[in-house]
Amino acid sequence: MINILIFVVLVVVIIVAEKFRRSSTSLLFKSSSFSSTKRAEKSISKVVSGDAKFLLEDKLPADLSRETIPKHVAVIMDGNRRWAKKKGLEPMLGHEAGARSLVKLLPLCCNWGIKVLTVYAFSTENWIRPRVEVDFLMKLFEKILKEELEFFMRQEVRVSVIGDSSKLPRSLQKIITTVTETTKRNSSCHLIMAVNYSGRTDIVQACQSISNKVKDGLIKSEDIDESLINHELETKCTEFPYPDLLIRTSGELRLSNFLMWQLAYTELYFDESFWPDFGETQFVQALHSFQRRQRRFGGQDEDKLVCES
């Protein structure tokens, strides 16, 4: 009788234990499933947010490839005065229109992945222009830098000015210092303005600096190479000192003493438009022309290299 009672108790204990095990396993599974679901939801949320952000930022025109977008675009903004003359306006109004074209180009560079935009704003030779025009340009540069500072910060645009700034008006020098210091940590796009700039003078000052270092025993003459010269040029302010593409507007077919060292292997594009008329459509055409080219840097065609390898 006692044996039967013990047997019944053992059976009940086994049944209860089994039910408890199943219940615990189910509860554990539900908890684990809930946790996994939550993690999945968070991951999906991150992916969706990332995709949404990407879609907002991915504004590249359909006929351009992001993989071959130039890192550095240089522009000779030519034709402002002729644009104004053609419309029966004063030359100064042409320069104002040209400034607006530059401001419109910057967001495109930021959105399309162009990291550096270097513009030829005023050459050392431009001082021979009428005094009233030169004074107007100096005031215009100052006005642009002051009024667009908030825009530069909003678009994450870093601004640098290359050229001999010592000959510029004090008020312009002051605003240049303010803007360059304020924007120096911005990383979306780097706007380099060449003001009172000469490509030949840039090379000369680099040679002078290097020769002084040799004289002072800081380096040896055999240490001089392309990398060292590049480090002494004014474009040392950017991570990408060599332009991939140079655009010159107004149909002129010359470099005009602009970035003489840096343009050695740059692709050149000449547009018939006057600079104030150069907008997104013309910019896309220039980039499309660049992307159709095969850059060999003195080497052979890639297809030929593949066949021979």
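Is the crossing of H4 and H6 left-handed or right-handed? I find that H4 and H6 cross in a left-handed way; a crossing is left-handed if the near helix is turned anticlockwise from the far one by less than a right angle, and right-handed if clockwise.

I note that this is a predicted model, in which local features need pLDDT of at least 70, side-chain atom pairs count only at pLDDT 80 or more, and totals for chains, interfaces and linings use all residues. Residues are numbered from 1 along each chain as its sequence is written, and side-chain values use heavy atoms, with hydrogens and water left out.

**Entry: H4 and H6**

I looked up the packing of H4 with helix H6 (residues 170–183), and their axes lie 10 Å apart at an angle of about 25 degrees. H4 is therefore roughly parallel to H6 (under 35 degrees is roughly parallel, over 145 roughly antiparallel, 65 to 115 roughly perpendicular, the rest oblique). From H4 the contact takes Met138, Phe141, Glu142, Leu145 and Lys146, and from H6 it takes Ser171, Leu172, Ile175, Ile176 and Val179; contact means heavy atoms within 4.5 Å. I count by class seven nonpolar, one polar and two charged residues there. Ala, Val, Leu, Ile, Met, Phe, Trp, Tyr, Cys and Pro count as nonpolar, Asp, Glu, Lys and Arg as charged, and the others, Gly among them, as polar.

Helices (H or I, at least four residues) and strands (E, at least two) are DSSP runs, numbered from the N terminus. Axes are lines fitted to C-alpha atoms, for helices over the stretch in contact, and angles run from 0 to 180 degrees between N-to-C directions.

**Entry: H3 and its partners**

I turned next to H3 and H4, whose axes come within 10 Å and cross at roughly 25 degrees. These two helices are therefore roughly parallel to each other, and their crossing is right-handed. On the H3 side I list Met92, His95, Glu96 and Ala99, which meet Glu133, Phe136, Leu137, Leu140, Lys143 and Ile144 in H4.

With helix H9 (residues 280–291), H3 packs at about 45 degrees, the axes being 11 Å apart. H3 is therefore oblique to H9, and this crossing is right-handed. Leu105, Leu108, Cys109 and Trp112 in H3 meet Glu280, Phe283, Val284 and Leu287 in H9. I record seven nonpolar, no polar and one charged residues in this contact.

**Entry: the pocket**

Which residues lie nearest the centre of the largest pocket? They are Met77, Asp78, Tyr120, Asn126 and Arg129, out of 28 lining residues. Helix H2 (80–86), helix H3 (91–112), strand E2 (116–123) and helix H4 (131–147) each give two or more residues to the lining. E2 gives the most, with five residues. By class I find 13 nonpolar, seven polar and eight charged residues in the lining.

A pocket is an open set of points on a 1 Å grid over the protein atoms alone, where a 1.4 Å probe fits, with protein on both sides within 12 Å along at least five of seven lines; lining residues have an atom within 4 Å of a point.
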